[in-house]
Amino acid sequence: MHGTIFTLLKRYVQTQYDHSTWVKLLEVSGLESGDFDHKQVYPDEHMYALVGGAARMTGIPAEELQEKFGEYLVPDLLYMYGKLLQPEWRTLEMIEHTETVMHKRVREEHQENAPPVLHVSRMAANEVLIEYVSKRRMGALAVGIVRGLAVYFDEAEQIVVEPTTREDGQHVQIRVRRLS
Ligand code: HEM
């Protein structure tokens with residue numbers, strides 16, 4: 001997985017908790033190094049180990065941790081890929097264009113990059129249905145990213161995010177509605 005995600009996870013733990021928590025997390029997860037370069041790609045297993053280690057350390061379920069982390073990721077991801085954003089996009093439009101614009105660019109950058117496939121259908125003017133497909137089973141991170149987008153676009157009060165399947169499968173469905 002993309003080094004940026006690891007770098008941001010490290011910063012998340014260091015700012016939400018502290019540096020010693022990060023060092024302990026590396027130890028609990030069995031990782032030798034916590035130095036990540038945002039231009040490198042690291043084994044997915046390291047991410048699973050960190051998420052699992054964090055769940056054991058805090059007693060917070062892995063899915064809840066991934067959701068929180070997903071929310072945290074959004075401003076940085078949008079900062080990095082901000083040139084691709086269209087000014088008229090809000091939360092639902094951003095979701096509709098993630099696959100063909102954002103994740104497409106991520107795939108082009110490095111052949112080892114493999115963001116999840118997102119099939120997005122516009123069900124109504126105020127509703128989209130996301131079908132997340134990834135062997136990484138990180139649907140909870142997807143739910144968090146959607147919540148983070150709603151905050152980013154100043155729509156947190158109006159956007160309702162509702163997974164309609166389990167979040168830990170290879171196929172996860174997420175319904176996103178905007179209340180008018
Ligand atoms: C809005 C702009 C977005 C950007 C710039 C972005 C970028 C990225 C990048 C760089 C990765 C790492 C890929 C890799 O390591 O191979 C990634 C992974 C991921 N993205 Fe996005 N993403 C965006 C939106 C979304 C949205 C809207 C969702 C969900 C609805 C989403 C769900 C995920 C998930 C769950 C992963 C983790 C890998 C996996 O599950 O297979 N992303 N994204």
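Modeller: Helices here are DSSP runs of H or I, at least four residues long, numbered from the N terminus. The model is predicted.

Biologist: How many cavities of 30 Å³ or more are there?

Modeller: A cavity is a set of points where a 1.4 Å probe fits but cannot get out. By this rule, the count of cavities of 30 Å³ or more is 1.

Biologist: How much space lies in the largest cavity?

Modeller: The lining of the largest cavity has 32 residues. Leu77, His103, Pro115, Pro116 and Ile145 lie nearest its centre. The space in the largest cavity is about 700 Å³.

Biologist: Which element gives the most to the lining of the largest cavity?

Modeller: The lining of the largest cavity takes two or more residues from each of α1 (3-16), α4 (62-80), α5 (91-109), β2 (127-133) and α6 (139-152). With 6 residues, the element that gives the most is α5.

Biologist: How many residues in the lining of the largest cavity are charged?

Modeller: Nonpolar residues number 24 in the lining of the largest cavity. Another 6 are polar. The charged count is 2.

Biologist: Is the crossing of α4 and α6 left-handed or right-handed?

Modeller: The contact includes Phe69, Leu73 and Leu78 of α4. From α6, Ile145 and Tyr152 are among the contact residues. The crossing of α4 and α6 is right-handed.

Biologist: How many residues of the contact of α4 with α6 are nonpolar?

Modeller: The contact of α4 with α6 has 4 polar and 4 charged residues. Its nonpolar residues number 11.

Biologist: How much space lies in the largest pocket?

Modeller: A pocket is an open set of points. The lining of the largest pocket has 21 residues, with Tyr12, Val13, Tyr17, Ala54 and Leu65 closest to its centre. The space in the largest pocket is about 280 Å³.

Biologist: Which helix gives the most to the lining of the largest pocket?

Modeller: At least two residues of the lining of the largest pocket come from each of α1, α2 (19-29), α3 (44-58) and α4. By class, that lining has 15 nonpolar, 4 polar and 2 charged residues. With 6 residues, the helix that gives the most is α3.

Methods:
Residues numbered from 1 in each chain as written. Predicted model: local features only at pLDDT ≥ 70, side-chain atom pairs only at ≥ 80, totals over all residues. Heavy atoms only, no water. 1 Å grid on protein atoms, 1.4 Å probe; cavity = no way out; pocket = protein on both sides within 12 Å on 5 of 7 lines; lining within 4 Å. Points joined across faces, edges and corners; volume = space filled by probe spheres on them. Nonpolar A, V, L, I, M, F, W, Y, C, P; charged D, E, K, R; others polar. Left-handed = near helix turned anticlockwise from the far one by under 90°. Contact = heavy atoms within 4.5 Å.
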